[in-house]
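Thanks for coming. I will take a few minutes to walk through one model, and you can follow along on the screen.

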Amino acid sequence: MGKFVIKQTATGFTFSLKAGNGEVIATGGEVYSALDSCKNGVESVKKNAPVANIEDQTVEDFATEKNPKFEIYEDKAGEFRFRLKATNGQVIATSEGYTKKDGCKNGIESVKKNAPDADVELPE
């Protein structure tokens, strides 16, 4: 089972979602100034991830999906990444870079599966 790990940084709080094997599958879309705001970000991912559609921006004439959605895109290094947007269009989670689009799609499926029931680990 996955878990969200909230960490305190020099400038605020961040979170990452880890799969059952401990691998990070998504990170929060921003640094939050308050712990409660970071917790709200986690709750937003839990709520939006399982119902989000997938918009593949790497194909020509892609269909624009309504929020919440996962957007697949190619970064400057030519790697595939995803970002999860909430109902209001705000980016609430992002991925690492994947060399293959299938890896990116698997990452999305892992977030959809792990996020809803993931425990939340708070900073000490």
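I will go from the sheet to the core, then to the helix, the loops and the salt bridges. Please keep in mind that this is a predicted model.

Let me start with the sheet. It is open and made of 8 strands, with mixed pairing, and the order across it is β4-β5-β6-β7-β3-β2-β1-β8. At the edges stand β4, residues 53-56, and β8, residues 119-121; each has a single partner strand, so one side of each has no neighbour in the sheet. From one strand to the next the twist averages 25°.

Now two of the pairings. β5 and β6 run antiparallel and are joined by 6 bridges. Across that pair, Lys69 stands opposite Lys85 in β6. The two strands form a hairpin with 5 residues between them, and Gly78 in the turn has a positive phi of about 85°. β6 then pairs with β7, residues 91-94, also in the antiparallel sense, over 3 bridges. Here Leu84 faces Ala93 in β7. This hairpin too has 5 residues between its strands, and Gly89 takes a positive phi near 90°.

In soluble globular proteins, nonpolar side chains tend to be buried together. In this model the largest nonpolar core has 28 residues, and Val45 and Val111 have the most contacts inside it. Elements giving two or more residues to the core include β1, β2, β3, α1 and α2. What does Val111 touch, leaving aside its neighbours within four places in sequence? Its contacts are Leu17, Ile25, Ala26, Ala49, Phe70, Phe82 and Pro116.

On to α1. Several of its residues are buried, among them Cys38, Val42, Val45 and Lys46. The cover over the buried residues of this helix includes β1, β2, β6, β7 and β8.

Two backbone details come next. Most residues other than glycine have a negative phi, and most peptide bonds are trans. Asp61 has a phi near 55°, a positive value in a residue other than glycine. Asp61 sits in the loop between β4 and β5 and is exposed, with a relative accessible area of 73%. Pro68 is also found in the loop between β4 and β5, and the peptide bond from Asn67 to Pro68 is cis, with omega near 0°.

Last, the salt bridges. How many are there in the whole structure? The search finds 7. One of them joins Glu121 to Lys3, with the closest N and O atoms 2.9 Å apart. Glu121 lies in β8 and Lys3 in β1, so this pair ties together parts that are 118 residues apart in sequence. Both ends are partly exposed: Glu121 has a relative accessible area of 37%, and Lys3 has 33%.

There is also a network of salt bridges that links Glu55, Lys69, Glu71, Arg83 and Lys85. Arg83 is in β6 and Glu71 in β5, 12 residues apart. Arg83 is partly exposed, at 21% relative accessible area, whereas Glu71 is buried, at 3%. Glu71 also forms a salt bridge with Lys69, at 3.6 Å between the closest N and O atoms, and Lys69 is buried as well.

That is the end of the walk-through.

Key
Residues are numbered from 1 along each chain as its sequence is written. This is a predicted model: local features need pLDDT of at least 70, side-chain atom pairs count only at pLDDT 80 or more; totals for chains, interfaces and linings use all residues. Side-chain values use heavy atoms; hydrogens and water are left out. Two strands pair if DSSP finds at least two bridges between them. Helices (H or I, at least four residues) and strands (E, at least two) are DSSP runs, numbered from the N terminus. Axes are lines fitted to C-alpha atoms, for helices over the stretch in contact, and angles run from 0 to 180 degrees between N-to-C directions. A nonpolar core is a set of buried Ala, Val, Leu, Ile, Met, Phe, Trp, Tyr and Cys residues joined through side-chain atoms within 4.5 Å. Buried means under 20% relative accessible area, exposed over 50%, partly exposed in between (1.4 Å probe, protein chains only). Contact means heavy atoms within 4.5 Å. A salt bridge is a side-chain nitrogen of Lys or Arg within 4 Å of a carboxyl oxygen of Asp or Glu.
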